[in-house]
Amino acid sequence: MDKFKVLQDELWGFAETGMEEFKSAKAMEDFLENEGFAVERGIAGMETAYVATYGTGKPVICFLAEYDALFGLNQKADVDHYEPITSSEDTGHGCGHHLLGVGSIKAACEFKEYLKKTGKSGTVKMVGCPAEESGSGKAYLARDGFFADADIALTWHPGLYNEVTTGSHQSCISMFFKFHGVSSHAAGSPELGRSALDACELMNVGVNYLREHMESSDRVHYAYLNVGGKAPNVVQSEACLKYFIRSTTNPKCEALLERVINCAKGAALMTETKVEVIFDEGLSNVVPNFVLEDVLDESFKKLYKNTYTSEELAYAQKFKDTYEMSKMLNSVPSCAKDKNKVIDNIKNRPINDYYIETSHSDVCSMGSTDVGDVSWVVPTAQINTACYSLGAGAHTWQWVAQGKSSIAYKGAMLAGEILCDAAINLLEHPELIQKAKEELDNRLQGETYKCLIPKNVKPHVSKAD
């Protein structure tokens, strides 16, 4: 079996969540050492972060790897219906980060071979970035100056479509709101109680009224982590919420956070409880780079080939059949130059089997990624490759089930080849690197990077305590 396929299957099986990817990080680090890279483990205060380097001098081109899984997505491989692995932890690679890591390593290995063969000046820097789903590993790396020597950063993400990623993604801050009250007998002496659960509910009511007065692109979501117990006849003395606050830029996100905090303070005042506000994580909006998007577009057009077998198409069709067509048609890439061709592909094929050309965009998409922090300090660009059947959505059992398949593997290897080819093009045409840097400077308009994670906050597993 191909060495990259072996690594893909290993990472899929480990399915470790953010800041706890111990086996996954070690497997990747060992792999890279065997490939001739110098590996530094446990960087930037994160045990599961690493950097692998090869070569000397400029340019320094980074490839970014992710490898964290998700809770609640335990699923058997290749099964076209929901069927958890009963003996496993309740985790699974429902966002394809096991593929992301392997594809980036493929790019790094091929670029290393190019440097070795040609003897040209240049450094490949393979950066292992933990906890994208929850933990913001890249933000810590950027905050601590880890990309200061880099000239370019390239990455990718498994998906439904073959395309160059364009546009931005939102800034996001995650906070815990822990309310502390006083317990009492809810019937016999309710006047002595101060309900932390009431405070949570009133905070949420306040935030939901606040939605009318946010910008239309803002997003706020919450979840109860602690509802104070199961006894309705006990006034709940402790309760906790986790909030995500998102906006299109870091300053807007911070301003919206203050308004949410005011709702928490108001709820505490109304219920005579105390609120403890605990910072969890923060990540910056993505700064697009059209120069690098064009470089990736050139490599995509050069390298993409439709190589699916009849067996692979039948496999993808099984998973496509688990989705309604009307829902699939809602997922057409917004920047596709020929949307009708995409629609025809969705209707008539089980998988996206051609390269979708896209138009440059500055639009901020809903959702966040810690790639944004990297994009503030070094020109950064991404691609998507089709690794799953059409219809399948991220963070679903369908993505977990297809994660060891040959179509997933082909998508990861294609991504690696495209990223490597783009890196070679950039090295051979240094004027493109300079143009990408000039575009980043122009977009920032004198602004400097400010990480949303305060200096006193250290990398941690995301939890309230």
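Predicted model: local features only at pLDDT ≥ 70, side-chain atom pairs only at ≥ 80, totals over all residues.
On the face of helix α6 turned away from its buried side sit the exposed residues L269 and M270.

**Helix α6**

- Helix α6 covers residues 250-271, and at 1.5 Å a residue its 22 residues should span 32 Å, which agrees with the 32 Å between its end C-alpha atoms.
- The buried residues of α6 are N250, C253, L256, L257, V260, I261, C263, A264, A267, A268 and T271, and, seen down the helix axis, they fall within an arc of 150°, so they line one face of the helix.
- The elements against which the buried residues of α6 pack are β10 (171-180), α5 (196-210), β11 (219-226), β12 (238-247) and β13 (274-283).
- At the N-terminal end, α6 is capped by T249, which has a side-chain oxygen 3.3 Å from the backbone nitrogen of K252, while just after the helix E272 takes a positive phi of about 55°.

**The four-stranded sheet**

- An open sheet is formed by four strands in the order β11-β12-β10-β13, and their pairing is antiparallel; β11 and β13 are the edge strands, each of which pairs on one side only, and the twist averages 20° from one strand to the next.
- Strands of a sheet pair through backbone hydrogen bonds, either parallel or antiparallel.
- Within this sheet, β10 and β12 pair in the antiparallel sense over 10 bridges, and M175 stands opposite Y243 in β12.

**Strand β7**

- Strand β7 (residues 152-159) has eight of its eight residues buried, so it is largely enclosed by the rest of the structure.
- In a regular strand the side chains alternate between the two faces of the sheet.
- In β7 both faces are covered, with I152, L154, W156 and P158 buried on one side and A153, T155, H157 and G159 buried on the other.
- Strand β3 (residues 60-65) runs parallel to β7 and is joined to it by three bridges, with L154 as the bridge partner of F63.
- Strand β15 (residues 380-386) also runs parallel to β7, and seven bridges join the two strands; here H157 stands opposite N384 in β15.

**T165, in a loop**

- T165 is placed in the loop between β8 (163-164) and β9 (168-169), and at 15% relative accessibility it counts as buried, because buried means under 20% relative accessible area.
- The side chain of T165 makes a polar contact of 3.4 Å with the side chain of N384, the residue of β15 that stands opposite H157.
- Leaving aside residues up to four places away in sequence, T165 touches E293, Q382, I383 and N384.

**S299, in a helix**

- S299 belongs to helix α7 (residues 290-303), and with a relative accessible area of 0% this residue is buried.
- Not counting residues up to four places away in sequence, the contacts of S299 are with I418, D421 and A422.

Note on methods
Residues numbered from 1 in each chain as written. Heavy atoms only, no water. Expected span 1.5 Å × (residues − 1). Buried < 20%, exposed > 50% of the residue type's maximum accessible area, 1.4 Å probe, protein only. Arc of directions from axis to C-beta. Contact = heavy atoms within 4.5 Å. Polar contact = N/O pair within 3.5 Å; in protein donor to acceptor, adjacent residues only side chain to side chain. Pairing = 2+ DSSP bridges. Axes fitted to C-alpha atoms, helices over the stretch in contact; angles between N-to-C directions.
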